[in-house]
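Subject: Structure handover and notes

Hello,

Please find the structure below. My notes on it follow.

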Amino acid sequence: MVKTLIKLEVLKRIRGTSFARSLAIGILMLFLGVLLLGYLFLFGLFMNRLVTDVLEKPDAIIFINSNLLYFFLLELIYRYFIQQLPVINLENYLHLPIPKSGIIHSLLVCSFLSPLNIVALLIFGPFAFVEVMVVYGIAPAMVWLGAILLTSWSMHWFVLWFKQRFEDSLIGTLVVFSALLISIGSNYFGVYDLGGFFEPVFTFALENPAPIVLLAIVFILSYFLCFAFYRQNAYLEELAEGEHLQFANQDLGFLSKFGLAGEMANLEWKLIIRHKKSRTYLMLCLFFLLYGLIFYTNPAYRVETGFSYLFIFVGTFITGIFMLQYGQLFLSWNSPTFDFYTHQKNGLRALVRGKYLLFSGISFACFILSVPYVYFGWNVLFIHLATFLFNMGVTIHLVIYLALWKPKPMNLNKGSVFNYEGMGLSQFLMIIPLVAVPYVVFLPVAYWFGDYFGLLALSIIGAFGLLVFPKISTKMADVVVDKKYEISAAFRQEL
Amino acid sequence: MIKIKDLKKIYGSTTVLNIPELTIPKSQCIGLVGNNGAGKTTLFRIMLDLVRATEGFVSIDEEEVNKGEQWKTKVGAYLDENMLLSYLSPEEYFRALIKIYRLSEEDLQLHLAKFADFFNGEILGSKKYIRDLSKGNIKKVGIAAALLGKPEAVLLDEPFENLDPSSQIRLKKLILKEKEENLVTFLISSHDLNHVTEICERIVLLEKGVIVRDLEDKSLMTEELNNYFNVS
């Protein structure tokens, strides 16, 4: 039974519009993925030398063991953001005489086939052979590697459970955020040496096979934790769940001043606050406002003159996170109602302009909210201003341009359970060029003329971008109008 | 009012629509019938410029639909739920529409008053988003929205489907009234032969994308259609 379901899932993926339409992009992604995994493998291969030669630690194994915890914390975080459940359409199966447990088992097994699950193997596999095996022999090396893999894989189930259990709630984001804080905080401040505390666990695995048995039990238990939760919640939640209108009834009245585009922005705002997925994005935006606290207070980033270049990145994120995240799925948000916009006179243009309006508005709000950071020095304010201008003038167009590359449909009306459509590794990789662009401008100028001139360059280019804003936004609207047949066909899932 | 010329839609190697010529004069009510896969919805989508025609064109008041946008103010349509903003409540949706159409609140109230019976008290005032309404009620919202803004032509895909019998009768009355009072052109697809023959003065029968009958004689319609659809 599980086998049939997996086969159906594979068929579904192959026949999905996004797969067939974007073969070229698929290949590019595959290439990038393989490249990334290859780097990880190389990193694993040379890790022992990196530790002993570059970091000048006497014993690579002890060092690695005491830092494994940080790796796992990091893994927890990237899993939380990247990992997705293969969405088997529950509705298609629930009414059939298939045991629910069968559906859930196949769902979970499918999810396990993910590149994320070989990351640990790629990094620590070579290390186990090159270093651990040489020092301790083959059996301990295997046990050690096994312990790491089982921990990593237990985390897979744990994250699946966690994401589903706390998704969109404040707790979920809080836990992930505090995990981030703990890992970074403990690393830099050295207040609590968590890593050292956990070091004996993996050192023990070198001497005794007991941990692997224990971790295997944890692995199995976490699978069943996950399974039990999904099994219990395998209902069409959205049927029972009726959201209350009163909750999300706020109009952004002032937007109406901007005409049709303002009206579209207003509708978009309602769309955002009435769907769980988009609400999460908005909330993330608030959390990223606090992001600066990690960096600006950190003595590691104090420099004699000017400021740490990392702050450009921080500023870009604080003032533009909503745009970066929400914008990646630019039109996908409207996929269920795309025909509505197409059918209105000038509807698509107004939609694009409305989105621009909304992005600028929210970015501006973030910028204003981030003003108190001036407490950490005037340069923080300057950085935020420069990155804000740059975001408005340049990044915003880039985000939208990249997002128009391959809009995927997304079902917003589906309950939040089993709904991770539209998001994936590709959306995540898209952010890399976006974050790199400010540096392309900043670094050369800062190098030749000084840090503040770098900021000035960012601001000037951003301001210039703002000047030609109407022109570029019209161009983007043109792109949407030109591609409307393809986009609406993709959204209707037809070829 | 609406003119279709040499229209073809080809997916791969199959021609799903092939209409050499079809002219719809003003204030005519046309029924579009045909079995599944006849190309009714595709025709609607091409007429609304949601799907690109492979060849030929559709023009509304001499304006080709894929070239201009002026026609959009003259044509109302409801094909499926994609044309609604289902995350709004019906009232909010209508409010959003009047802003787009630049109508006043009074216009909206007048318009909705026409639908009071049709809505049967279940649409307005309920604290539900459109997505949480029943299929029939979603359809009612879509139809009322399609008729908003004094359109000169209205395209409806399967308007009777999912509606209860009383609502079906009310809808027929509404359509006839709009046609008489405001000279609205209607293009209605349906599988319910009784309804379309009752309200339409012309029936176009599609088969695999080709118009096989174009009936304008009301007295022969029923018989012709029964002959065509009768399977033994």
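Confidence comes before anything else, as this is a predicted model. Among the elements of chain A, the lowest mean pLDDT belongs to helix α13 (residues 237-240) of chain A, at 36, and the highest to helix α22 (residues 451-467) of chain A, at 89. Two stretches of chain A should be read with that in mind. Residues 237-247 of chain A have a pLDDT below 50, and beyond near neighbours in sequence this stretch makes ten contacts in the model. For residues 415-420 of chain A the pLDDT is also below 50, and that stretch has 20 contacts beyond near neighbours in sequence. Over the whole of chain A the average pLDDT is 77, with 77% of the residues scoring at least 70.

On the make-up of chain A: the chain has 24 helices and zero strands. Its length is 495 residues, of which 37% count as buried. If one takes the contacts in chain A between residues at least 6 apart in sequence, 82% of them join residues at least 24 apart.

Next, the contact between the chains. Chain A puts 23 residues into it and chain B 22 residues. On the side of chain A that touches chain B, the elements giving two or more residues are α14 (259-274), α17 (338-343) and α24 (484-491) of chain A. The most comes from α14(A), with six residues. Sorted by class, this side of chain A has eight nonpolar, ten polar and five charged residues.

In chain B I looked at helix α2 (residues 90-101). At 1.5 Å a residue, its twelve residues should span 16 Å, and the end C-alpha atoms of α2(B) are 16 Å apart, so the two agree. Which residues of α2(B) are buried? They are Pro90(B), Tyr93(B), Phe94(B), Leu97(B) and Ile100(B).

What covers the buried residues of α2(B) includes elements from both chains: α14 of chain A, together with α3 (105-114) and α5 (135-146) of chain B. Just after α2(B), Arg102(B) takes a positive phi of about 55°.

Regards

Technical notes. Residues numbered from 1 in each chain as written. Chains lettered and ligands numbered in written order. Predicted model: local features only at pLDDT ≥ 70, side-chain atom pairs only at ≥ 80, totals over all residues. Contact = placed C-beta atoms within 7 Å. Helix = DSSP H or I, 4+ residues; strand = E, 2+ residues; numbered from the N terminus. Nonpolar A, V, L, I, M, F, W, Y, C, P; charged D, E, K, R; others polar. Expected span 1.5 Å × (residues − 1). Buried ≥ 20, exposed ≤ 12 C-beta atoms within 10 Å, placed from the backbone. pLDDT = per-residue confidence, 0-100.
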